[in-house]
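Have the sequence and the 3D view ready, and try each task before you read its solution.

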Amino acid sequence: MGVLMSRRQTVERVQKVSLAVSAFKDGLREQPSTRRRAEAGAARQGTLEQEVQEGEEEALAGPSQPEESSASKAAWERLRDGRGVEPEEFDRANRFTPPAFIRPKRELHDDEPPDISLEQREQILNDEMCEICEVWTAESLFPCRICHRVYHDGCLRRMGYLQKDSAVEVTETAHTETGWSCYYCDNLNLLLTEEEMYSLMETLRNCKIIPGVCLTLDDFLHYKHQVHKQQFERTMPEAQEEQAALQFNALDPDKKGHIEWQDFLSHESIQLLQKIRPQNALLRLLTPKERERARTAFLALDQDNDGFIGEAECRQARHTWFRKHQKEMLSCNVSPASSRNGKSPEKILPATKQEETSVDWPGFLRENVAYILAARPNSAALHLQPLA
């Protein structure tokens, strides 16, 4: 197991260094000040790693940014790299090295409609070995409900991803219909490309948002007002402010009076994805497990098998299944859209296709894709509040 871990960590380290070197070379071409520093490098000796680190810090802070404290810089670096766990929150002794997250890149064909068939069901296969230690131990592996990865609870604990009561939650939910999202899928911010992430960071900096800090309702509304004013150069309408207040309540299900930083970050990440990427690109982010759940939900609503459901039924699916997974410990044999308090779908969602606009399978996916993605995190917060 030690050899496997050593090889895995080496590959991740090489990938991270390669990306850093590439980014540094791009910075040399684009920034005159950086190029002059490189040309004058003969006057002083330094390693490549030092140059890369300096180039990254300069690109992150910008020439006009005031000098920040080391704690603030570390917080921004964690945000940039997609790392949500504070290094001080757990003892590093006998811990595995956290993975090097590599942000996705946009492809040329991303905006083209993906071929997601309603009739052709997908076979869901999980990995056979733990994502962390690459060892197979059968029943003790916990599957992610979003992706194909599986984990040992001990490996997750040694990585620092299971703390306090979270280990009990994983044990109780991983093998149920509610499911559990791994640390890749739980973090919606990791869906952003580097360019999108830097855009979000610039917005947060301009609005004086400090990474890692909880937000009260006043903080949240003030932030929304600033973003709206920067984007449209006018005051945010009262109706939009009321909608923002409703979103705050959805992000604070326990009524604590504040929203956690990770929930705020997930909300802003999914909002940015909706603004920047077309729906076809968002559809390409869905995993086979998410697509199969969507099929199950649509077929349960299409009771006459004509390939259409009512618009009200589509909205209802958004408010129930895609909004957030049910907190009840459901059996794995229960369909996602099959029951609520033991009632069948037809008793909850009466057919209204003759009375309103019908929605086909591709339209169902397009209208719900953002809510499917927003339901990924394990948090009870609703990261995207469905409209009535």
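At 14% relative accessibility, arginine 293 counts as buried (under 20% relative accessible area, with exposed over 50%, partly exposed in between, 1.4 Å probe, protein chains only). This is a predicted model, where local features need pLDDT of at least 70, side-chain atom pairs count only at pLDDT 80 or more, and totals for chains, interfaces and linings use all residues. Residues are numbered from 1 along each chain as its sequence is written, and side-chain values use heavy atoms, leaving out hydrogens and water.

**Exercise 1.** Find the salt bridge that glutamate 177 forms with arginine 293.

*Solution.* Start with the rule: a side-chain nitrogen of Lys or Arg must lie within 4 Å of a carboxyl oxygen of Asp or Glu. The closest N and O atoms of glutamate 177 and arginine 293 are 4.0 Å apart. Next, locate the partners: glutamate 177 is in the loop between helix H6 (166-173) and helix H7 (194-206), and arginine 293 is in helix H12 (residues 288-301), so the pair ties together parts 116 residues apart in sequence. Helices here are DSSP runs (H or I, at least four residues), numbered from the N terminus. Finally, glutamate 177 is buried, at 11%.

**Exercise 2.** Is glutamate 196 buried or exposed, and where does its partner lie?

*Solution.* Glutamate 196 has 5% relative accessibility, so it counts as buried. The side chain of glutamate 196 meets that of arginine 277 in a salt bridge of 2.8 Å, N to O. Glutamate 196 lies in helix H7, while arginine 277 lies in the loop between H10 and helix H11 (279-283). Arginine 277 is buried too, with a relative accessible area of 6%.

Key: Helix = DSSP H or I, 4+ residues; strand = E, 2+ residues; numbered from the N terminus.
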